[in-house]
Amino acid sequence: MNEQVQPAGGPLFNPLSPDFIRDPYPHYERLRTVDPIHVTPFGQYVASRHAEVSLVLRDKRFGKDFVERTTRRYGPEIMKEPVFRSMSYWMLQADPPDHTRLRGLVVKAFTARRVEDMRPRIQEIVDQAIDAVIERGHMDLIEDFAFRLPVTIICDMLGIPEEHREVFYKSSRDGGRLLDPVPLSPEEIRQGNAANLMAQMYFQQLFELRRKNPGDDLITQLVQAEEDGNKLTNEELTANIILLFGAGHETTVNLIGNGLLALHRNPDQLALLKAKPELMTNAIEEFLRYDSSVQMTGRVTLEEIEDLGGVTIPKGETVLCLLGSANRDGAVYPDRPDRLDVTRANVKPLSFGGGIHFCLGAQLARIEAEIAIATLLRRLPDLRIDDIETPEWRPTFVLRGLRRLPASW
Ligand code: HEM
């Protein structure tokens, strides 16, 4: 990657520039200080302080309005593209009452209790990943370690048969660009369509299978809800399965990867966590805060907003919420927000969003990361990351994560 450093005073918000991808935090600080409600050349409003981000996520005057927002950006033909059409059915992009209905159908599978029951299975997968490489003395923490866990768990939850899984393990993880605030190129749309059509074809077959042979899994539950009449349509069913598959996957890989990188860049914190494993639950919140795997989400103003951080925003405008910036806001974290501190009190990161779209998989992601990182520290205590200074980041902004993270022991 061409790692150019931007000149001081360059564009305030240029989220796909290599410098921004490598380290967005100085850029966020500049935004929060200089222009906390910044307007981009595309006419989007960018909120970077905790107060406004938190308000926008929770306030009913802001919604998703996906079709309208996307049509405005790309033109009216865009909804004919399969990938955009499919996204328009995601609960993540829906407003009430559709959102309430879609979320209600799956929420029970993600309760704290259900997720607690998955601990032994999560531990088993993590141990298998370490068993597979322990004799080798080195691995890529992303590909060999972090990657398999969330994919296997979501495959378990959805009821994807073992013999079908290899293709999911090999998938390219390139879907992240769909979420970035910079428009997709025609080539990226074409790739998105192809991946979406493949996924649709696969899941339609699996739905058929589960109609004939019901299992104790989410796809069976949703297929039954679809057959029940007016609970959800076939398109909604397929789209939301694809969402669950994607949402639960790269985000968690990156929480584990970003957390491990942050820890190894802060050897005092690494030593502390090894000495006091009971700090792990708090450490995971701090990893989420310090370098969130989801950096941004967005809303549309459903009416004119008179005063968002002193700015009037007309109806129908897009407001981008910089979660990663809110998490470093000194107004909420007065004690050196740019420092990783696994003992930090009152860490309440916005990394899982807030309000009605608060991440469905938050507790699952926390427990997966907790077990993965705790087991790694316990079983490979002398693990070292090969290149701690210049690891290679994936070129997406919203989903922040490393392409690879080679390590040895
Ligand atoms: C570290 C891991 C994760 C992070 C940082 C994360 C982050 C987020 C964020 C920020 C949102 C809200 C977006 C918005 O308000 O517009 C969200 C929503 C969502 N997440 Fe996650 N997520 C993670 C893991 C997971 C997992 C493991 C699953 C499921 C298996 C999942 C499923 C979802 C779903 C379905 C939604 C949409 C909820 C709704 O619209 O009501 N996420 N996530």
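Visitor: Which residues touch the most other members of the largest nonpolar core?
Guide: Leu-141, Phe-145, Phe-203 and Phe-287 do, in a core of 95 residues. A nonpolar core is a set of buried Ala, Val, Leu, Ile, Met, Phe, Trp, Tyr and Cys residues joined through side-chain atoms within 4.5 Å. Buried means under 20% relative accessible area, exposed over 50%, and partly exposed in between (1.4 Å probe, protein chains only).
Visitor: Which helix gives the largest share of this core?
Guide: Helix H19, residues 362-379, with ten residues. Helices (H or I, at least four residues) and strands (E, at least two) are DSSP runs, numbered from the N terminus.
Visitor: How should I treat the model?
Guide: It is predicted: local features need pLDDT of at least 70, side-chain atom pairs count only at pLDDT 80 or more, and totals for chains, interfaces and linings use all residues. Residues are numbered from 1 along each chain as its sequence is written, and side-chain values use heavy atoms, leaving out hydrogens and water.
Visitor: New topic. Is strand S8 buried or exposed?
Guide: Five of the five residues of S8 (residues 318-322) are buried, so the strand is largely enclosed by the rest of the structure. Thr-318, Leu-320 and Leu-322 point one way, and Val-319 and Cys-321 the other.
Visitor: Which way does S2 run against S8?
Guide: Parallel: three bridges join S2 (residues 45-47) to S8, with Val-46 opposite Leu-320. Two strands pair if DSSP finds at least two bridges between them.
Visitor: And S5?
Guide: S5 (residues 296-301) runs antiparallel to S8, joined by five bridges. Met-296 has Leu-322 as its bridge partner in S8.
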